[in-house]
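Me: Please take a close look at the aromatic pairs of this structure. I am new to it and would be grateful for one connected account.

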Amino acid sequence: MSTLSNLLITVAPGDILVEMVSWLSFVERWPVLIQLFLVLFVLLIARARSILLRRNQRLQRLLNRAGLHQRFPDSIRVLMGPALVLLMAGVFALIQVPFGLLRYFGLLWLGWNLFTPLKLLVEKTNPRFPIGEIETTLFKPIYVFTATLSLLSLLGSRENLARIGVANLFEVEITLGKMYTAIVAIYLIVTIASRPAALMAWLSGVIFGVQKRNQRGLELLFRYSVIGLGIIGVAYYIGINGNAFIAIAGGLSVGIGFGTKEIISNFISSIWLLFEGSVRPGEILMIDGDPCTVRKLGLRATQLRRGRDGAELLIPNQNFFTQEAASYTATETSRRDSVVVGAAYRHDPDEIIDMLLEIAAEHPKVKNYPPASAFVTEFAESSINYKLLFWVADPLDAFNVGSDLRRAIWKRFEKEKISIPFPQRQIYPMEWPPKTQKSLRPQLQSEQTMDQDAAEDMS
């Protein structure tokens, strides 16, 4: 029998169900039911009001005209629901009716809604501080974890649930209490790990002189090192020793080698790209003939935005090591583009070239250095073809600048009476069936001659 067979999961749903049934004895009392009903009623009213205000624009305009929105801003309106529940608790206390649940849920709701005015205050005083990210990833999850423990203590089930065993991992009994603590600890470690990792990467640049473009790669390595050490610490807290990790690594090595080979390859490629700095956010790459801006370098794939239609592309990181990708911002941000035009043979090529260079010099986004240049490229069947080469500072402007130059060339040629030849095709209809087919060309020529004579007579 393999080592992984020692991993036995023995969930005990019976003990959990018995504990949940015990809650009914607490809830089935009338004072408790009345308080729960009032709290639920106020919650539904507050929720329905917010939905109605979002969907009914006419009602919003009426409230704005009445001045209610100015009188009660968002930071105050969110506190009205919990304030009403606490007011009910005060009334119940005056008439000597049980009010503990009203006070408990009112304070719990008030604490949750206090995040809104605090968030608005921080955004007003320091708009650059990431209070929204910290609120959603740290403050609110911690509040939920704490409120859950508080509610279980209120029901009298916190200690009983904490002792219930749900699994046996490598002969170590895992209880609900340990599992809950492990989940909270791992979440906090994953959420907060970026802060010390960023500090260590910055210190590496200050102390050891690591370049800024390589600090991002160090930060990523530090972050996952902190997460790995944190998970090992949580495992030791649960009671799992080092031999268990060796067994898990040995049993899963084959599966990781074959099943997640691409994921690991992309992860290593992302680390290498961060250290090398060859693909950075803001860089412009040519992917399948389209200029794309690098938006984000992830662990598995790089996110790019295609210039011609704004589509978001996800390119696996290992593709940058196996396929070619032209960069326009690696060492030089300028890009050269061209415009091709044809002119009739009767026009002097030197005059056409001088005219093209003047048009390029008049455009504000065409760079003076390197200067624009024009060439005669071909003696075609009906025209002499020319190519105008020009440089732009931003690669994403090349398409628009080329369009502007083509319009300017057409207007200048029109002004200077320079013709742009184009192929013409003449079709002669034939009679059917083939045995009697005749060319109608003489008839068409006679009709054209008659039309010309009539035009000359009218003139």
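Reply: The structure holds 9 aromatic pairs. Rings of Phe, Tyr and Trp (its six-membered ring) count as a pair if their centres lie within 6.5 Å; planes under 30 degrees apart are called stacked, over 60 edge-to-face, and the rest tilted. One of the pairs is edge-to-face: Phe145 and Tyr180, at 6.1 Å centre to centre and with 85° between the planes. This pair links distant parts of the chain, 35 residues apart, with Phe145 in helix H9 (residues 131-155) and Tyr180 in helix H11 (residues 176-192). Helices (H or I, at least four residues) and strands (E, at least two) are DSSP runs, numbered from the N terminus. Tyr180 is partly exposed, with a relative accessible area of 26%; buried means under 20%, exposed over 50%, and partly exposed in between (1.4 Å probe, protein chains only).

The rings of Tyr345 and Phe379 form a stacked pair, because their centres are 6.4 Å apart and their planes stand at 20°. This pair, too, links distant parts of the chain, 34 residues apart: Tyr345 lies in the loop between strand S9 (335-343) and helix H17 (349-362), and Phe379 in strand S10 (residues 373-379). Tyr345 is partly exposed at 41% relative accessibility, whereas Phe379 is exposed at 63%.

Elsewhere, Trp112, Phe115, Phe139 and Tyr143 form one aromatic cluster.

The model is predicted: local features need pLDDT of at least 70, side-chain atom pairs count only at pLDDT 80 or more, and totals for chains, interfaces and linings use all residues. Residues are numbered from 1 along each chain as its sequence is written, and side-chain values use heavy atoms, with hydrogens and water left out.
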